Amino acid sequence: MEGKQLKKLMVGMALTATLATAVTPGFGSIGGNQGKAYAAIVTYKVTASKLNVRSGAGTNYGIIGSVVKDQMLSVVSKSGSWYKINYNGRTGYVSSDYVQASGTTTPPAESTTYTVTASTLNVRSGAGTSYASIGSVTKGQKLSVVSKSGSWYKINYNGRTGYVSSDYVQASGTTTPPAESTTYTVTASTLNVRSGAGTSYASIGSVTKGQKLSVVSKSGSWYKINYNGRTGYVSSDYVQASATASPKLVVDSFKTLGNAQQVILVTADNYDTKSAKIQTFEKVDGKWKQVLTANGVLGQKGFALSKKEGDMESPTGKYTIGTAFGRYENPGTKLPYRKITANDVWVDDSKSSLYNTWQQKPANGRWTSAENMDIPAYDYGFVINYNESRTPGNGSAIFFHVGTNYTAGCTATSKEQVVSILKWLNPEKNPVIIQSPVSELDKY
């Protein structure tokens with residue numbers, strides 16, 4: 001239940017992906033962003049008598065070693081004025097002021113085609129969630145990726161430059177990352193490491209049975225690895241995944257989901273905080289996938305141990321999703337949708353036989369108190385099916401709606417995220433919402 005207009009909160013998805021890049025003089029950034037994809041790693045020569053190799057792109061990062069004058073480096077990518085290199089099987093960074101390109105550089109490759117994997121993905125005006133959304137793309141849509149900036153891909157979007165989170169798109173080309181894992185174990189007694197992805201390439205060394213390899217990417221039946229500071233390739237027939245890179249999702253341990261294939265999880269650090277984390281998950285081919293993460297707010301006094309009418313607390317528990325609503329036309333949700341009118345109210349009078357139901361004015365003696373629905377907080381939202389038995393005094397008008405400060409017992413987030421979740425929700429997938437302090441998630 002919410003009784004005041006709340007300001008708009010801008011939050012969005014932030015996520016990670018991998019795209020091997022390299023930047024060379026003469027082929028710098030595009031539109032001010034480093035990271036144009038190159039067809040090959042470029043070799044550079046050290047010009048300083050001694051040059052520190054650091055763990056990150058800046059002098060504030062620790063020194064992990066050094067290189068000397070005329071030493072050749074394989075540069076993977078550029079970050080500001082620092083080059084990312086392979087250093088003794090580790091990732092290191094050197095100042096670009098003290099190395100220079102050796103030999104002919106490779107021109108940038110053409111833009112790569114990627115496929116959207118999220119149901120709906122925001123396109124932003126810059127590389128970050130702080131930038132405004134200029135539109136969206138949907139699952140299966142093909143994108144022409146121009147370059148990468150951090151964890152964001154720069155794309156051409158309706159004649160404009162846009163950015164999408166790299167976590168929800170994947171390359172449509174032939175080179176693919178390894179399926180689930182980045183750490184692999186050698187299974188052959190001795191395995192050649194080659195300079196290219198094939199037996200026609202020269203052997204640059206070997207690895208032995210049980211040795212751990214850090215796999216960068218896969219090309220056909222060959223894995224690209226970091227080998228003694230160089231790029232090498234090993235046959236995928238003689239290595240096997242030894243550690244999964246995909247962390248277990250919190251919903252994987254839930255035992256009470258039944259036939260639910262969509263979950264909205266609302267968590268807080270404790271009962272007394274009004275700040276919440278909102279995550280959405282969907283089961284695809286029998287496996288849970290995370291779709292969205294956003295900031296949200298709860299009741300002014302946080303979560304309720306035992307929800308009561310007017311306590312300014314949000315109920316904990318697992319609930320089904322009810323009717324979607326809004327003061328405007330249906331934004332594209334598959335849920336049953338009801339457009340709010342000036343006469344719509346939600347009855348919060350515990351003594352009324354219509355307690356905890358959606359009604360229309362005038363009251364005509366049917367109730368003495370009701371929540372006005374025609375307010376900005378309810379521009380869009382949906383009903384959380386709490387207190388369906390309509391037990392007097394146990395709380396009413398529990399919604400998921402628009403808001404940024406606090407609520408009177410509902411859960412809220414930015415209008416952008418509310419609409420995104422509404423479009424994603426599918427009643428055929430039996431969606432539920434779980435609200436809980438983090439410490440009590442084992443109940444579910």
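Modeller: What follows begins with how far the model can be read and then turns to the aromatic rings and their strands.

This is a predicted model, in which local features need pLDDT of at least 70 and side-chain atom pairs count only at pLDDT 80 or more, while totals for chains, interfaces and linings use all residues. Residues are numbered from 1 along each chain as its sequence is written, and side-chain values use heavy atoms, with hydrogens and water left out.

The mean pLDDT (the predictor's confidence in each residue, from 0 to 100) is 82 for the chain, and 84% of the residues reach 70 or more. Over residues 103–111, however, the pLDDT is below 50, and this stretch has 20 contacts (heavy atoms within 4.5 Å) beyond near neighbours in sequence. Residues 173–181 also stay under 50, with 24 contacts beyond four places in sequence. Where pLDDT is low, the predicted coordinates should not be read in detail.

As background, the chain has 1 helix and 36 strands; these are DSSP runs numbered from the N terminus, helices being H or I with at least four residues and strands E with at least two. Of its 444 residues, 49% count as buried, where buried means under 20% relative accessible area, exposed over 50% and partly exposed in between, with a 1.4 Å probe and protein chains only.

The structure holds 13 aromatic pairs. Rings of Phe, Tyr and Trp (its six-membered ring) pair if their centres lie within 6.5 Å, and planes under 30 degrees apart count as stacked, over 60 as edge-to-face and the rest as tilted. One of these pairs is edge-to-face: Tyr 319 and Tyr 386 lie 5.7 Å apart centre to centre, with 85° between the planes. Tyr 319 belongs to strand β28 (residues 317–326) and Tyr 386 to the loop between β33 (380–384) and β34 (399–402), so this pair ties together parts that are 67 residues apart in sequence. Tyr 319 is buried, with a relative accessible area of 13%, and Tyr 386 is buried at 12%.

The pair of Trp 346 and Trp 358 is tilted, at 6.2 Å centre to centre and 50° between the planes. It links strand β30 (residues 344–347), which holds Trp 346, with strand β31 (residues 358–360), which holds Trp 358, the two residues being 12 apart. Trp 346 is buried at 8% relative accessibility, and Trp 358 is buried at 12%.

The antiparallel strands β30 and β32 are joined by 3 bridges, and Trp 346 stands opposite Glu 371 in β32.

How values were computed. Pairing = 2+ DSSP bridges.
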